[in-house]
Amino acid sequence: MQFPDGKLISKTVEVRGDHYRPAPTARIAPADCAVIVPVYNAAEDVAICLERLRAYTPPEVDILFVDDASPDPQIARLLEQARDIPNLRVLRNNHNLGFTGTVNRGMAEVGRKHPILLNSDARVTPNWIAGLLAAARSRPRVATVTPMSDRAGAFSAPELGNDNGLPPGVDEITFARAFRRRALGLYPQVPTGNGFCMFIHRACLDEVGALDVAAFPRGYGEENDFCMRAGRAGWLHLIDDRTYVFHDRSKSFGSAKDGLMKAGRAVIDARYPEYKKAIRVFSHGDDLALARMQARRSQADCLNPRVSLPRTLYVVATQTGGTPQTNLDLMAALQDSRDAWLLRCDSKHLVLSHLQDGKLVEIASRELSDPIEPIRHVSTEYDETVAGWLQRFEFEVVHIRHLAWHSLNLPQLAKLAGCTVVFSFHDFYTICPSIKLLQDDGVFYGGDLQQLTGEVTPELWKPDTMPPAGMGWIRFWRERFDRALSCCDAFVTTSDSARARLLAGLPAIEPARFFVIPHGRDFSKLLRLRQVPRHGQPIRILVPGNISTAKGLGVIRALLEIDREHLLEFHVLGRTESSVKINDPRLIGHGVYNREEFTSRVQSLNIHLGAVFSIWDETYCHTLTELWSAGVPALVFDFPTVAGRVRASGAGWILPHQDIEQLYRKLLEIAFDTAEQNRADLAVAAWQSGPGMAESTGLMAARYLNLYRRAQGQNTLPVVGVVSASEDKALSAGGGVWQQVDPTTQDECICVAMSAQALLANLEIGSLDGALVQIDAVPVTLAANLLETLQQARIPHRITKPEHSEHIDASA
């Protein structure tokens, strides 16, 4: 690497093979650490310090504020208000102990935890805890770790000293993210740390003792003395060149600062003759020079607006089906709010990809010599590989969409890396290896082990890879998933019924952290393509999706067997399970379809009715949504999720399926009941103009953004529908828009771009907190209805005209 002055730094590394190597030291969990903040006056700094700690410190990390008898009454008020932070507690010295005594008291109060000292004028940034801990485990006997900063003397970057301003228009969090992403992770070794923000290993404290309060009662030199003592005992001190913490420097000491510094330095020089020479590394060390050069580069990176976006890692198993497609929808909808990455594994091949310009680009991969298998469901090689990626790429949120073929340790690995972890349930894999809660005999036992009368067949693993899946194995299966998921910050599924079943099977999950967010879909057109059944013609029933026994193939076979008059035809858009042999010309396969071509395929088939014949309680059902998007009412069975959607919309019929004769009679009765057919058509039309129009991927993404914020301990934001002449469909967050909608607040909001028709639909179902409408983007024929509906909805909104803005109504 060449510096501007022409100096060249290079290093040759020889790699022999792609060998798996264990980590050099054991991991330190965030829960084993405690942040200690000594306080003396400087209320403004303390307020900002509290705000940053609340936003960016994992909830499992204890935070201890020790007030050194501050005379400023604002300090007591601030610390009292901060008691609502669950992991924070406050101590107050009866009399002033001085900085060093206050720190020692804090380190004693946190017991056996590793202390992280933090000045009250320091401002932490995302992933700061994870960064320090990664450095602490990078080699044996690490005593202290100090991040880099803007004003921390020898620990500053890009320049030494205390004058490192940000580029114009760049905020601290944006720079900290850019700094981390540019960092090389060299972890330069230095002779001393800096107490403005410093991790200390508890074992080192035990060995060399606490800070010397007699020699350094008010600070300035106490951490240098401690570090030199530790260094002589064989301990190491590192700089975390991947973490940047901002610092205002010593407002508490005022004019006494210079004298304290000189006195402290005199003690250090007398005790440690080697000190002066040792600290030359801060100005002459190659690793630090490289770290500072990367900091300069990160300043330029900040000009790219995507650098400020938090990184989210999505985890999937299969590459086909509804879950990965919905996940891609979510990633695309969040492209202006999140930097989206994807991790997938098929048990042997691990692939990490990055969403760039709408396409997934492979960044890293590994073929596992120690693959995932269902009995252990973990792999040390997987764990170390993914842990390395989590550290290297610095994800703030890990959203696990499925754990099949992944290590059960993944949630804990993500937590150890400082990530917020969200877990989605798209089937019942976590409580049963059958994923659909079906016994081998096709009976739906619903997850209640008391109702289980046989065994189940694993769907995502070969049968010979695990023991017979009876009650004992399923109970063990649940227990380990319950443990694995217990560290997650939030959970989400797509229906109330699924949520209830999962809570019953996984008792460690707290209901308050478990949310329901339905899938969103964007349709270019919502059409009405079905034909009304007519006497004298076979009833043409469309069955979309891959059809198996669980999806009703056995029911279809039984219906065809009793349909002696040939009144039924089943048209399958998708694959049919090959093990179920049905040689009947009335079961007609039309091959697989891309969802973008679904309506055109339906149009060519002259369909009368649709069918979702699943014999289990699906967690959502994309094919039901697709049928309604084409204007086709659906025949379904009475399982809570799908039947609940049909009951809510009226866009179909709920039929019995245990008695095939009764099912057949009911199907024919409905097909030729003109009133019922008209009713269903009206219900499908109402769904299309209501939820079908409203429940977009943008609205789904807004709900997930708020879920991520909630999981990170932040307040949720109002969701604002934006109707604009622009073609931009992106989702964004910002304070400016919400201030236009409601001038009485300074809060941010989440903006969802939508059409005027979609805004009307969302107003009807009450899914928005506000609206911003560019009036020339509204069709003239809709304008009056939209204005009236906005008034009736009584949410803050603003109507803008091409040349100026007019505030119509901002009532809550």
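A search of the whole structure finds 44 salt bridges, a salt bridge being a side-chain nitrogen of Lys or Arg within 4 Å of a carboxyl oxygen of Asp or Glu. The model is predicted, so local features need pLDDT of at least 70 and side-chain atom pairs count only at pLDDT 80 or more, while totals for chains, interfaces and linings use all residues. Residues are numbered from 1 along each chain as its sequence is written, and side-chain values use heavy atoms, with hydrogens and water left out.

Side chains of opposite charge can pair when their charged atoms come close. Asp 269 bridges to Arg 265, with the closest N and O atoms 2.9 Å apart. Both residues lie in helix 8 (residues 257-271). They are 4 residues apart, about one turn of the helix. Helices (H or I, at least four residues) and strands (E, at least two) are DSSP runs, numbered from the N terminus. Asp 269 is partly exposed, at 34% relative accessible area. Arg 265 is also partly exposed, at 33%. Here buried means under 20% relative accessible area, exposed means over 50%, and partly exposed lies in between (1.4 Å probe, protein chains only).

Lys 436 forms a salt bridge with Glu 459, and the closest N and O atoms are 2.8 Å apart. This pair links distant parts of the chain, 23 residues apart. Both residues sit in the loop between strand 16 (420-424) and helix 15 (471-485). Lys 436 is buried, with a relative accessible area of 11%. Glu 459 is partly exposed, with 39%.

Arg 501 and Asp 617 meet in a salt bridge at 3.0 Å, N to O. The two residues are 116 residues apart and link distant parts of the chain. Arg 501 belongs to helix 16 (residues 496-505). Asp 617 is in the loop between strand 22 (609-612) and helix 19 (622-629). Both Arg 501 and Asp 617 are buried. Elsewhere, salt bridges that share partners join Arg 52, Arg 123, Glu 172 and Asp 248 into one network.

Two strands pair if DSSP finds at least two bridges between them. Strand 11 (residues 311-316) and strand 15 (residues 397-400) run parallel and are joined by 4 bridges. Tyr 314 has His 399 as its bridge partner in strand 15. Axes are lines fitted to C-alpha atoms, for helices over the stretch in contact, and angles run from 0 to 180 degrees between N-to-C directions.

Another open sheet has 6 strands in the order 21-20-19-22-23-24, with parallel pairing. Its edge strands are strand 21 (587-589) and strand 24 (652-655). The twist averages 30° from one strand to the next. Strand 19 (residues 539-544) and strand 20 (residues 568-573) run parallel, joined by 6 bridges. Val 543 has Val 572 as its bridge partner in strand 20. Helix 19 packs on this sheet, touching strand 19, strand 22 and strand 23 (634-637). The direction of helix 19 makes about 170° with that of strand 22.

The largest nonpolar core has 97 residues. A nonpolar core is a set of buried Ala, Val, Leu, Ile, Met, Phe, Trp, Tyr and Cys residues joined through side-chain atoms within 4.5 Å. Leu 390, Leu 559 and Phe 570 have the most contacts inside this core. Beyond residues up to four places away in sequence, Phe 570 touches residues including Ile 541, Val 543, Leu 559 and Phe 613. Contact means heavy atoms within 4.5 Å. A second, separate core of 58 residues includes Val 37, Ala 152, Ala 178 and Ala 291.

Phe 65 lies in strand 2 (residues 62-67). Phe 65 is buried, with a relative accessible area of 0%. Not counting residues up to four places away in sequence, its contacts include Val 37, Cys 49, Leu 79 and Leu 91. The C-alpha atoms of Phe 65 and Leu 79 are separated by 8.0 Å, with the residues 14 apart along the chain.

The structure holds 0 disulfides, a disulfide being a pair of cysteine sulfur atoms within 2.5 Å. For Cys 33, the nearest cysteine sulfur is that of Cys 197, 12 Å away. Cys 33 counts as buried, at 0% relative accessibility. For Cys 488, the nearest cysteine sulfur is that of Cys 487, 4.9 Å away. Cys 488 is buried, with a relative accessible area of 1%.
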